[in-house]
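Trainee: I would like to learn how to read a few computed features of a model. Please take them one at a time.

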Amino acid sequence: MNQTLLEAEAKTQIPDTPQPPGRPPAPVHPRFAKPQRIAFVQACWHREVVQEACTAFLDEMEARHVPRSAVDLFEVPGSFEIPLHAQILAKTRRYTAIVAAGLVVDGGIYRHEFVADTVIKALMDVQLRTEVPVFSAVLTPQQFHESAVHYEFFRKHFAIKGVEVAEACANTLLSLERLRGQVAAGIV
């Protein structure tokens with residue numbers, strides 16, 4: 001009888017071990033005043049790695065009140081082809097932002113730094129000429145080997161970069177909305 005009583009007490013007692021905290025509440029993101037339309041231009045070179053940035057970007061933008069249906073996806077052969085597509089898309093005035101994603105690796109034939117530098121400078125030129133913000137998740141790793149370990153590492157890394165580029169995109173679009181409103185109101 002005492003054993004049954006002790007078992008019942010043991011079941012009702014709060015254990016001394018600390019309980020893991022619950023999931024933190026989801027962040028509350030501000031909403032846009034106007035609908036957003038975004039172009040996501042992705043290089044096909046190492047598609048299985050770069051696609052992780054796109055998937056993470058779409059998830060994060062959805063959490064930030066931009067539905068997947070408001071993001072148009074475009075593919076180009078490699079990162080070098082992204083700036084021309086970005087420029088043509090920006091000139092349509094259909095998009096409030098353009099995001100570029102690609103992986104530039106050292107192929108041993110040319111200096112990959114040259115390609116990466118050219119792409120980034122061209123993307124900056126596009127946004128300055130068109131006033132459509134352009135964001136880059138075009139990455140140039142120090143070392144990339146075609147091995148399962150490197151593919152897995154860079155897939156995870158591109159997922160992180162997808163979230164980061166979504167954060168930058170959303171925050172910039174919100175900032176530009178405010179700034180353009182202030183300019184229209186004659187405040188700035």
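**Burial, aromatic pairs and a helix face**

Mentor: At 6% relative accessibility, Tyr 95 counts as buried (under 20% relative accessible area; exposed is over 50%, partly exposed in between, with a 1.4 Å probe and protein chains only). The model is predicted, so local features need pLDDT of at least 70 and side-chain atom pairs count only at pLDDT 80 or more, while totals for chains, interfaces and linings use all residues. Residues are numbered from 1 along each chain as its sequence is written, and side-chain values use heavy atoms, without hydrogens and water.

Trainee: How many aromatic pairs does a search of the whole structure find?

Mentor: A pair of aromatic rings is described by the distance of the centres and the angle of the planes. The search of the whole structure gives two pairs (centres within 6.5 Å for rings of Phe, Tyr and Trp, the last by its six-membered ring; planes under 30 degrees apart are stacked, over 60 edge-to-face, the rest tilted). For Phe 40 and Phe 57, the centres are 5.2 Å apart and the planes at 45°, so this pair is tilted. Phe 40 belongs to strand β1 (residues 38-43) and Phe 57 to helix α2, so the pair ties together parts 17 residues apart in sequence (helices, H or I with at least four residues, and strands, E with at least two, are DSSP runs numbered from the N terminus). Both Phe 40 and Phe 57 are buried.

Trainee: What is the geometry of the rings of Phe 74 and Tyr 95?

Mentor: Their centres lie 6.3 Å apart with planes at 85°, so Phe 74 and Tyr 95 are edge-to-face. Phe 74 is in strand β2 (residues 71-76) and Tyr 95 in the loop between α3 and β3 (97-103), so the pair ties together parts 21 residues apart in sequence. Phe 74, at 26% relative accessibility, counts as partly exposed.

Trainee: Which residues of helix α3 are buried?

Mentor: In α3 (residues 82-91), they are Ile 82, Pro 83, Ala 86, Gln 87, Leu 89 and Ala 90. Down the axis of α3, these fall within an arc of 165°, so they line one face of the helix (the arc uses directions from the helix axis to the C-beta atoms). Leu 84, Ile 88 and Lys 91, on the other side, are exposed. After α3 comes Arg 93, with a positive phi near 65°.

Trainee: Which residues does Ala 56 touch, not counting those up to four places away in sequence?

Mentor: Ala 56, in helix α2 (residues 47-63), touches Ala 159, Gly 162 and Val 163 (contact means heavy atoms within 4.5 Å). Ala 56 and Phe 158 are 102 residues apart in sequence, yet 8.3 Å apart from C-alpha to C-alpha. With 11% relative accessibility, Ala 56 counts as buried.
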